[in-house]
Amino acid sequence: MTKGLNHFIKCFLGGLLTISVIFSCNDSPYMQGKRLYLANCANCHMEDGSGLSALIPSIQKSVYLGKPEIACILKNGLRDTIFKDSTFLVREMPAFKKFSATEITNIVNFVNHSWNTSFKETTITQIEEAINICQ
Ligand code: HEC
């Protein structure tokens, strides 16, 4: 390979790497949480957390945001709890048994910081403690 071409390829690859690093840094700081949210939650709660009218509640202002107990909803699901338009929502939220404490922590931090930035970072220890005492 000629020196010039070699140099070009190295610079080109280096450039690509720099661009991808810049882009990944500019995105949400909770990348795994965002990925898991989009794959597991957005089909019901929508990408922006706004829910689906009478069927699925919005989570943008949920009282569970900012509280470690939100981990229990994710682990156990939720039904007949959210009251809207003078009735309980008919749909239920499925349990996500498969999520590890790390995954739950990442999802929780993602939803906590997507629509409201005043929440403190939730730690994995807080999530583990909450999971241990879920009903
Ligand atoms: C199959 C649809 C569905 C999926 C998928 C789903 N949810 Fe839900 N979610 C619901 C429903 C329905 C409720 C309300 C349940 C009730 O009335 O008790 C709910 C309730 C909630 C609440 C409480 C809302 C409030 O008003 O305070 C939060 C927070 C929440 N979900 C977060 C999530 C997260 C995070 C995920 C992904 C891990 C997720 N949900 C996946 C349907 C879903």
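How many helices and strands does the protein have? In this predicted model, the protein has 6 helices and 2 strands. Read from the N terminus, these elements follow the order α-α-α-α-β-β-α-α. Of the 135 residues, 21% count as buried. Among contacts between residues at least 6 apart in sequence, 56% join residues at least 24 apart.

For Leu 74, leaving aside residues up to four places away in sequence, the residues touched are Phe 96, Phe 99, Ile 104 and Ile 107.

Of its 14 residues, 10 are buried, so helix 5 is largely enclosed by the rest of the structure. The buried residues are Ile 104, Thr 105, Asn 106, Ile 107, Val 108, Asn 109, Phe 110, Val 111, Asn 112 and His 113. Their cover includes helix 2, helix 4 and helix 6. The length of helix 5 can be checked too: at 1.5 Å a residue, its 14 residues should span 20 Å, and this agrees with its end C-alpha atoms, which are 20 Å apart.

Helix 2 can be described by its two sides. Its buried residues are Gly 33, Lys 34, Leu 36 and Tyr 37. Viewed down the axis of helix 2, these buried residues fall within an arc of 165°, so they line one face of the helix. They pack against helix 3 and helix 5. On the face turned away from this buried side, helix 2 carries the exposed residues Met 31, Leu 38 and Ala 39.

Turning to the ligand, 28 residues surround it, and the closest are Cys 41, Cys 44, Ser 62, Thr 81 and Met 93. The elements that give two or more residues to this shell are helix 3 (42-45), helix 4 (70-76) and helix 5 (101-114). By class, the shell around the ligand holds 19 nonpolar, 5 polar and 4 charged residues.

Technical notes. Residues numbered from 1 in each chain as written. Predicted model: local features only at pLDDT ≥ 70, side-chain atom pairs only at ≥ 80, totals over all residues. Near = placed C-beta within 6 Å. Helix = DSSP H or I, 4+ residues; strand = E, 2+ residues; numbered from the N terminus. Nonpolar A, V, L, I, M, F, W, Y, C, P; charged D, E, K, R; others polar. Buried ≥ 20, exposed ≤ 12 C-beta atoms within 10 Å, placed from the backbone. Contact = placed C-beta atoms within 7 Å. Arc of directions from axis to C-beta. Expected span 1.5 Å × (residues − 1).
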